[in-house]
Structure formats: structure tokens, C-alpha cells
Amino acid sequence: MQRIFSGIQPSGIPTLGNYLGAIRNWVALQQDHECLFCVVDLHAITTWQDPATLRAATRELAASIIACGIDPRAHVLFHQSAVHAHVRLSWIFNCVARLGWLNRMTQFKDKAGKDREQVSSGLYVYPNLMAADIHAYHATRVPVGDDQRQHLELANDIGQKFNHDFGVEFFPVIEPLILGPAARVMSLRDGSKKMSKSDPSDQSRINLTDDADTIAAKIRRARTDPEPLPHEPQGLEGRPEARNLVGIMAALLDQDAAAVLREHGGKGFSAFKESLAALVVEKLEPIAAETRRLLADPGTLDSILRDGAARAAAIADPIVAEAERLVGFLKV
Ligand code: TYM
């Protein structure tokens, strides 16, 4: 059985983009994989997080992941700071990855913007920590949204360079799993930007905790163009907002864009948005209710995370100890 690793940052409330691009695929993959799912609080602090908010967001994200359908008894759900193997291996990877490789990372360029001199050095080496997350478990399959593709290529480059430098076949090749018609959900306000938990505008995204009225209002106000929906996917070319809404519906119905357009092609956006809002509410309301139920019992949630961290460490500690031995650290 192949081992899966994936992670999500507790840097805000998870969005429909996180759900459709990642968590929903995790739920399907847990049927026939051994899975580790990680709330990556170490990654979150690469940008400023208020400490009390970070603690609460870590628990809330764990609750949301379970509410989406992850089984934390059959698989491993934990938070990154509780397993020290990640930091140990990431330091080694800081010394394996080349500056030139990090300089090519588009997400760093986007996040740093014009403020390059002022962002944390953690933000710069962020992809090395992400590579360590995966390689610490010898995971071979990583389900993510499309925005993480470049980071996974880098994780492979790092693993292969380590193997080459130390003359071993230690870290396996990672296969990115970028699945479904909503691997890149875009902002509701701007079809050229991805939907993000850290976007300053709450109107740009649907949060997994939004109530029915909020979801309907956000979808009604979503930016679109004046043309009716096309009858075929080719007609979505050059219409990023239309493509986005059709992709969201397709993913929620487990269909492709062609099937959605066979049903809705020719309709104007106001009718389509009504159907889409009803569908999003139908899928997200039970998740929000279950998240609230889980959060009412923080003791149980904490014990799930504690148990997950212990099981994660039992896998990662020997792998990282072996990496340290290969590097030449004296073990006494
Ligand atoms: P994060 O927290 O930004 O997002 C978590 C997951 O959600 C996906 N995603 C999206 N998918 C489709 N459309 C969107 N608009 C959208 N926004 C986010 C992301 O691709 C991701 O799969 N660096 C990672 C977390 C991470 C990780 C890892 C992932 C840390 N270590 C190891 C995999 C393996 C991140 O910031 O995800």
C-alpha cells in the first residue's frame, strides 16, 4: 500500500478551494492508502500569526478535516509542531537545496511581492520544510491543489540530490496527485487569482464555516461576464470566472465540466448561480455542523491530535535518524 502525506496551513478558515482541491480528494484516497494528514502550524508562522488565534485555528482545522470525512483512527491526523522530525529533516534540506532553486519558486515571489527584504527568512525556505514533511515518512503520493505543483517538483529535486550526494537510494520519488475539475478554484472577485484563506476580501472566498445566507450572497455577487453559459467546455476559453463556477459545480457533483454544460448551457448566470448556491449549501452545511459539534469537545480533539502525533513520530523518527546517520552526525 502506498503512503500518502498531505498538509494544510492553519492560517485562516479553510475555504471551498482547500476542500475541492485537496481535502475532498484525501477523503476518497483514504480507502486504499495509508494516510498522514498534517495541520502545518510551522508553515503558518512564516507569516505573522497571533498566538492565541493560531492555537484556536489549529484545533478548528483539525475539526474541519474530520468533519469533511477523514477518519483519524484509521489514518493519522496531527499537527506539525508536535513531531520534531519535520524540523530536524528540514535543516538538512536547507543545506541540500540550492539558493537558485528557491529563487525560482513562484509562490514566494507572489507572497513576498514588493516587500522582499521584509518577509521572514522562513517564508523563503518554506518549500524545504514542505519537502521534509513528505520525505520524513517516505511518502510516495501527495494529493494537493494545482498551486503546490512547483513545491512538489522541488521536493523531488531535494530528495534526489540527497540520494546523489550521499550515494544512496534513500528518499523515494514523490508522485503529485492533482485531481478533479477544481484543482485550482479561483477567487469569486477576480478569476485570475486563486481562492485563498489569506485574501483580505472575505467576499473572494467561501469558508467552510459560512452559513447558507452568506454562501448564497457571495455566489450571487461573484464576478461573471454578460454572456450566457456555453454548451461545451471549449466555450469557457477566455472566460475564467465562468470556468471557475462551472468547475466548482462539476467537482461538487463528481462530474466534469462537459456534463455541467450539457445541463446548464444556454442559461444566464443568475439562474446558474441559484443552482450552484443551493448545491454548495447542501454540501457544506453538514460539514459546518459537524465541525461545530467536534469543537464543543476540545478534550477529545486534543487527544486525537496527541495520538496522531505519537503515531506520526513512530514512523518519522527512524527515517530521520537514518538520514542524520547518512549525513554523518555522530550518534553516541
Ligand atoms: P494550503 O494551506 O495553502 O492549502 C491546502 C491545500 O489546499 C489546496 N488549495 C487549493 N486547491 C484548489 N484551489 C484553491 N484555490 C486552493 N487553495 C489551496 C492546496 O493546493 C493544498 O493542497 N504548502 C501547503 C501545505 C503543506 C503541504 C505539505 C502540502 C505543507 N507541507 C506537504 C502537501 C505536502 C499549503 O500552503 O497549503
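Q: What is the relative accessibility of E175, and how does E175 count?
A: At 35% relative accessibility, E175 counts as partly exposed. This is a predicted model, in which local features need pLDDT of at least 70 and side-chain atom pairs count only at pLDDT 80 or more, while totals for chains, interfaces and linings use all residues. Residues are numbered from 1 along each chain as its sequence is written, and side-chain values use heavy atoms, with hydrogens and water left out.

Q: Which side chain meets that of E175 in a salt bridge?
A: Side chains of opposite charge can pair when their charged atoms come close. The rule for a salt bridge is a side-chain nitrogen of Lys or Arg within 4 Å of a carboxyl oxygen of Asp or Glu. Here R141 pairs with E175 at 3.1 Å, N to O. R141 sits in strand β4 (residues 141–143) and E175 in strand β5, so the pair ties together parts that are 34 residues apart in sequence. Helices (H or I, at least four residues) and strands (E, at least two) are DSSP runs, numbered from the N terminus. R141 counts as buried, at 17% relative accessibility.

Q: How many salt bridges does the structure hold?
A: The structure holds 22. D165 is partly exposed at 39%. K161 is partly exposed too, at 21%.

Q: Where do E322 and R325 lie?
A: Both are in helix α13 (residues 298–327), 3 residues apart, about one turn of the helix. E322 has a relative accessible area of 26% and is partly exposed. R325 is partly exposed at 48%. Salt bridges that share partners also join R88, D317, E324 and K331 into one network.

Q: Which domains does the domain assignment give?
A: Domain bounds come from an automatic or database domain assignment. For this chain, domain 1 covers 3–183 + 297–327, and domain 2 covers 209–293. Their C-alpha centres lie 30 Å apart.

Q: How many residues of each domain are in contact with the other?
A: Contact means heavy atoms within 4.5 Å. By that rule, 13 residues of domain 1 touch 13 residues of domain 2. Buried area is the accessible area (1.4 Å probe) that two parts lose on being put together, summed over both. The two domains bury about 1000 Å² between them, 72% of it on carbon and sulfur atoms.

Q: How many salt bridges does the rule find across the interface of domain 1 and domain 2?
A: It finds 1. R24 and D254 meet through their side chains at 2.7 Å, N to O. On the side of domain 1 that touches domain 2, α1 (16–29) and α3 (51–67) are the elements that give two or more residues. By class, that side has 9 nonpolar, 1 polar and 3 charged residues. Ala, Val, Leu, Ile, Met, Phe, Trp, Tyr, Cys and Pro count as nonpolar, Asp, Glu, Lys and Arg as charged, and the others, Gly among them, as polar.

Q: Is Q80 buried or exposed?
A: Q80 is buried, with a relative accessible area of 0%. Its place is the loop between β3 (76–79) and α4 (85–94). A polar contact is a pair of N or O atoms within 3.5 Å; within protein, one must be able to donate a hydrogen and the other to accept it, and residues adjacent in sequence count only if both atoms are side-chain atoms. The side chain of Q80 reaches the backbone nitrogen of L42 at 2.9 Å. Beyond four places in sequence, Q80 contacts residues including C38, H43, H86 and D133.

Q: Where is D210, and is D210 buried or exposed?
A: D210 lies in the loop between β5 and α9. D210 is buried at 11%. The side chain of D210 makes a polar contact with that of K218 at 2.7 Å. A polar atom of the D210 side chain also lies 3.0 Å from the backbone nitrogen of N207.

Q: Which backbone oxygen lies 2.8 Å from a polar atom of the side chain of R189?
A: That of R221. R189 is in the loop between β5 and α9, and is partly exposed at 38%. R189 and R205 are 16 residues apart in sequence and 8.3 Å apart in space, C-alpha to C-alpha.

Note on methods:
Buried < 20%, exposed > 50% of the residue type's maximum accessible area, 1.4 Å probe, protein only.
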